[in-house]
Each structure stands twice: as structure tokens, then as C-alpha cells.
Amino acid sequence: MNFTCIFFGILFCIAGIIFACGKGHVHLSAWKAMPEEEKRKIKILPLCRNIGEVIALNGMIFLLRGLWSGFSEHWFVCAMIAWLIIAGLDVWYIGKSNCYRNQ
């Protein structure tokens with residue numbers, strides 16, 4: 001058991017769930033500083049759900065590493081690289097897609 005990975009896994013899973021429920025963005029300073037006009041242009045709940053799922057996926061990878069001794073350093077590194085690629089593609093999709101913008 002790797003207690004550091006378990007701690008971060010639980011932390012990321014909780015943060016992901018908070019974001020996926022639409023409660024996390026209100027604590028971000030960038031959201032607080034954004035003008036109301038800009039806020040109205042964003043479909044925040046689907047965006048928060050998307051981001052929350054990506055954060056929770058990271059937490060699952062950390063939990064898997066912390067709880068399962070068979071998930072060696074090699075597989076953990078491969079999983080984190082895959083997660084970084086997925087997260088990068090997700091950010092690209094969010095920027096290019098109109099599904100998170102109000103018309």
C-alpha cells in the first residue's frame with residue numbers, strides 16, 4: 001500500500017465529484033473575477049461535469065496505484081501519460097467545440 005497515492009487519489013476523486021456536481025467552479029478566483037456577461041456565455045454545468053470526470057479519472061489512477069501492489073511504477077507512469085494525453089485532448093475539444101457555449 002502506498003499511502004501517498006491513496007491520499008492523492010481520494011483528494012482528486014473528491015475534487016472531481018465536487019466539480020462534476022457543479023459546486024467547484026464557484027471557488028475559483030478566475031470564475032469570481034469573470035464579468036457576468038462572460039459567465040452567461042458559458043454552459044457551466046456540462047463543462048464542470050466534463051472537468052470533474054477528468055479529475056476523478058486521475059484520482060482513480062492514483063487510488064489504483066495506492067491500493068493494488070500489482071499496479072507497478074511502470075504501469076502507473078503509462079496510465080499517467082495516457083491521462084495527460086486524454087486531458088490535453090479534452091482541453092482541445094473544449095476550446096474547439098461549441099457545446100459549452102451559449103448562443
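Reply: Glu36 is partly exposed, with a relative accessible area of 49%; here buried means under 20% relative accessible area, exposed means over 50%, and partly exposed lies in between (1.4 Å probe, protein chains only). This is a predicted model, in which local features need pLDDT of at least 70 and side-chain atom pairs count only at pLDDT 80 or more, whereas totals for chains, interfaces and linings use all residues. Residues are numbered from 1 along each chain as its sequence is written, and side-chain values use heavy atoms, with hydrogens and water left out.

The side chain of Glu36 meets that of Lys39 in a salt bridge at 3.5 Å, N to O; the criterion is a side-chain nitrogen of Lys or Arg within 4 Å of a carboxyl oxygen of Asp or Glu. Lys39 counts as buried, at 16% relative accessibility. Both residues belong to helix α3 (residues 36-40) and stand 3 residues apart, about one turn of the helix. Helices are DSSP runs of H or I with at least four residues, numbered from the N terminus. An α-helix has 3.6 residues a turn, so residues three or four places apart point the same way.

By this rule, the count comes to 2 salt bridges. Glu38 also forms one, with Lys41, and the closest N and O atoms are again 3.5 Å apart. Glu38 is partly exposed at 34% relative accessible area, and Lys41 counts as partly exposed at 40%.

Helix α1 (residues 3-20) has 18 residues and reaches 25 Å from its first C-alpha to its last, close to the 26 Å expected at 1.5 Å a residue; the expected span is 1.5 Å times one less than the number of residues. Buried in α1 are Cys5, Ile6, Gly9, Cys13, Gly16 and Phe19. Seen down the axis of α1, these buried residues fall within an arc of 160°, so they line one face of the helix; the arc is that of the directions from the helix axis to the C-beta atoms. Phe3 and Phe7, on the other side of α1, are exposed.

The buried residues of α1 pack against α4 (44-67), where contact means heavy atoms within 4.5 Å. Asn58 is found in α4 and is buried, with a relative accessible area of 6%. Leaving aside neighbours within four places in sequence, Asn58 is in contact with Phe12, Met80 and Trp83.

Met80 and Trp83 are among the buried residues of α5, as are Phe76 and Ile94. Helix α4 is included in what covers the buried residues of α5. The 24 residues of α5 should span 34 Å, and the end C-alpha atoms are 34 Å apart, which agrees. Ile81, also found in α5 (residues 73-96), is partly exposed at 46%. Together with Val77, Ile85 and Leu89, Ile81 makes a nonpolar surface patch of about 370 Å².

Finally, Lys23 lies in the loop between α1 and α2 (29-33) and is exposed, with a relative accessible area of 56%. The C-alpha atoms of Lys23 and Leu45 are separated by 9.1 Å, although these residues are 22 residues apart along the chain.

Methods. Patch = residues over 30% accessible without salt bridge, like charges linked within 9 Å, V, L, I, M, F, W, Y side chains within 5 Å. Areas by Shrake-Rupley, 256 points an atom, 1.4 Å probe, with all protein chains shown as cover. Helix = DSSP H or I, 4+ residues; strand = E, 2+ residues; numbered from the N terminus.
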